[in-house]
Amino acid sequence: MILLRFSKEIRVLSIYEIESLLNLNTHFVFDNFLIAKTNFNDKIKRLAYTKEVYKVIFEANENNFEKKLNQFNFAKIYKKSFSLKTHNIEKDFEKKYANIIYNKIKNKQNPKVDLRNAETKIVIFKIKNKMFCCFLLWENKEDFESRKPHNRPSPHPTSMNPKLARCLVNIVNSKTITDPFCGSGGILIEAGLMGLKTIGYDIDKAMLNRAKKNLDFYKIKNYQLKLQDATKINKKIRGVVTDLPYGKSSKLTEELGNLYKNFLKVLKKHKKGRAVVCFPDFVDYKKLIKKSGLKIEKEFSYYLHKSLTKKIIIIH
Ligand SMILES: C[S@@+](CC[C@H](N)C(=O)[O-])C[C@H]1O[C@@H](n2cnc3c(N)ncnc32)[C@H](O)[C@@H]1O
């Protein structure tokens with residue numbers, strides 16, 4: 001069993017990212033915690049909005065927690081040094097629990113406490129009247145900040161926030177990711193860094209040049225870029241993750257409407273598996289999708305600024 005602590009700000013999307021990437025069916029979600037009966041695997045390290053992943057050593061009710069704590073052989077999981085932190089538990093109890101753990105390790109070896117950088121980071125969570133005794137397996141140290149559009153060698157203002165891009169790629173959960181409106185490559189960079197095969201199309205040569213510079217800068221190898229009108233794609237497209245062009249006006253121009261309609265037609269005909277398409281909120285995307293014969297599996301809102309919210313639509 002593992003326990004994941006995810007981002008509070010973007011809660012529903014964070015949960016959906018975990019469920020999609022790890023193919024989870026049954027799990028328990030409370031607040032910004034998700035507990036699942038699954039083992040740790042390398043795919044977990046791809047998660048964008050998950051902050052930490054813990055191994056659950058045991059769970060207990062409040063009244064039998066101390067007994068179970070006394071029974072567990074902490075020397076078994078101890079490596080070099082340890083720390084104990086608690087979540088939602090009074091300080092006095094934290095001290096008491098730390099002493100119990102210390103003495104349990106002391107029976108077998110000489111324990112070293114390191115509150116800053118312990119090798120074994122034990123955390124006790126109280127979540128909705130249940131106690132979870134855990135140790136840290138993985139912490140998200142991905143440097144999204146350095147990959148924000150303005151920090152790339154060939155920046156462009158329309159490019160997607162790297163954390164969001166990574167999350168959307170994870171939701172599609174395919175070995176190949178295609179962005180038919182790839183722009184300067186924000187989505188492709190995240191997919192490429194996770195070792196996925198990436199394909200980008202754009203109608204604008206200057207944009208493809210930007211994407212190439214950016215992908216090369218991040219040393220991404222397995223990519224293809226092609227000058228292509230996305231509404232005229234005539235072959236299978238796998239793992240679509242895309243952010244549609246919004247245009248400059250706040251109203252949907254006829255031209256933009258036709259672009260969306262024609263692209264959805266292509267998607268209906270050629271898409272393999274799930275697709276994630278981002279629309280601006282001022283567009284009647286529900287009507288457009290319905291007309292195309294595609295189905296909305298799920299949708300999310302992502303606030304950008306006062307006059308624009310992105311609608312993230314999962315299509316199947
Ligand atoms: C919002 S940007 C994409 C940003 C990209 N997802 C990123 O994160 O860098 C939209 C892109 O769609 C391209 N575009 C517009 N019409 C197109 C069409 N018919 N086919 C392909 N690309 C098109 C534009 O040139 C622009 O680069």
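**Salt bridges and nonpolar cores**

Me: How many salt bridges does the structure hold?
Reply: The structure holds 16 salt bridges, each defined as a side-chain nitrogen of Lys or Arg within 4 Å of a carboxyl oxygen of Asp or Glu. This is a predicted model, in which local features need pLDDT of at least 70 and side-chain atom pairs count only at pLDDT 80 or more, while totals for chains, interfaces and linings use all residues. Residues are numbered from 1 along each chain as its sequence is written, and side-chain values use heavy atoms, with hydrogens and water left out.

Me: Which residue forms a salt bridge with Arg147?
Reply: Glu190 does, with the closest N and O atoms 2.8 Å apart. Glu190 lies in helix H5 (residues 186–193) and Arg147 in the loop between strand S7 (130–139) and helix H4 (162–172), so the pair ties together parts that are 43 residues apart in sequence. Helices (H or I, at least four residues) and strands (E, at least two) are DSSP runs, numbered from the N terminus.

Me: Is Glu190 buried or exposed?
Reply: Glu190 is buried, at a relative accessible area of 1%. Arg147 is buried as well, at 6%. Buried means under 20% relative accessible area, exposed over 50%, and partly exposed in between (1.4 Å probe, protein chains only).

Me: Which residues are linked in a network of salt bridges?
Reply: Glu142, Arg147, Arg166 and Glu190 are linked in such a network.

Me: What about Glu299 and Lys286?
Reply: Their side chains meet in a salt bridge of 3.7 Å, N to O. Glu299 is in strand S13 (residues 296–305) and Lys286 in helix H8 (residues 285–292), 13 residues apart. Glu299 is partly exposed at 28% relative accessibility, and Lys286 is partly exposed at 47%.

Me: Changing topic: which residues touch the most other members of the largest nonpolar core?
Reply: Leu13, Leu168, Leu267, Phe279, Ile312 and Ile315 do, in a core of 52 residues. A nonpolar core is a set of buried Ala, Val, Leu, Ile, Met, Phe, Trp, Tyr and Cys residues joined through side-chain atoms within 4.5 Å. H4 supplies the largest share of this core, seven residues.
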